[in-house]
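Subject: Handover of a structure and findings

Dear colleague,

Please find below the structure that I am handing over to you. My findings follow it, and I would be grateful if you read them with the model open.

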Amino acid sequence: MADAPRIDVRGPRFVASVTAVLLLVATGLALVGSSTGATTGSLAERAADPGFLLLVVIAALFLWSVVSPRTAPWAVLFRRVVQPRLSPATEFEDARPPRFAQGVGLLVTGAGLLLHLVGVPWALPIAAAMAFVAAFLNAVFGLCLGCQLYLLLQRTGLIGRGPSAAT
């Protein structure tokens, strides 16, 4: 089994910082928009909610980060603009847990989007707030909840191990 790709530990924290800001705005928009009373509006009104639209963009960014993490906008911004202005990296980490964490963010925001569209009250602001808390913890404290979930699932043998790892 080939070695997993290694990344500068500061990259995911930068991505989490930008994502946290976007999610905070999305949460605010969802709270003041029609999201809290989602059952009262039509499907078109729910889809036009500003909080919903911003969360769609954020979910698309999560998807991009899962499918092609090297070309995702915030990763490219970090590598091309931020990283050259920092001292050389001294700490590196496996790229798989942060990628998995992006998938968890996609799952949480996607569930909120779908539940909002079907008219579940408070689904949008709750999903946006949950994703915000996770991104904030990563950005400020370096605690990546999705990464911790990945490591837990890896320890239990559910993900991340090839057939040769069992021997």
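In what follows, two residues are in contact when heavy atoms of theirs lie within 4.5 Å. Please also bear in mind that this is a predicted model.

I begin with the overall picture. The protein has 7 helices and 2 strands, and from the N terminus these elements follow the order β-α-α-α-α-β-α-α-α. Of its 167 residues, 35% are buried. Among contacts in the protein with a separation of 6 or more, 76% join residues 24 or more positions apart. The accessible surface amounts to about 9300 Å², and carbon and sulfur atoms account for 71% of that area.

The next topic is helix 7, which covers residues 145-155. Its buried residues are G146, C147, Y150 and Q154. Viewed down the helix axis, these residues fall within an arc of 100 degrees, so they line one face of helix 7. The partner against which the buried residues of helix 7 pack is helix 5 (96-117). Just after helix 7 comes G157, whose phi is positive, at about 85 degrees.

I turn now to the interior. In soluble globular proteins, nonpolar side chains tend to be buried together. The largest nonpolar core here contains 16 residues, and L23, A26, L55, I58, L113 and L124 have the most contacts inside it. Helix 1 (10-32), helix 3 (50-67) and helix 6 (123-141) each contribute at least two residues to this core. Helix 3 gives the most, with 6 residues. As for L55, when its neighbours within four places in sequence are set aside, the residues in contact with it are L23, A26, T109, L113, L124 and A128.

With kind regards

Conventions. Residues numbered from 1 in each chain as written. Predicted model: local features only at pLDDT ≥ 70, side-chain atom pairs only at ≥ 80, totals over all residues. Heavy atoms only, no water. Core = buried A, V, L, I, M, F, W, Y, C linked by side-chain atoms within 4.5 Å. Buried < 20%, exposed > 50% of the residue type's maximum accessible area, 1.4 Å probe, protein only. Helix = DSSP H or I, 4+ residues; strand = E, 2+ residues; numbered from the N terminus. Arc of directions from axis to C-beta. Areas by Shrake-Rupley, 256 points an atom, 1.4 Å probe, with all protein chains shown as cover.
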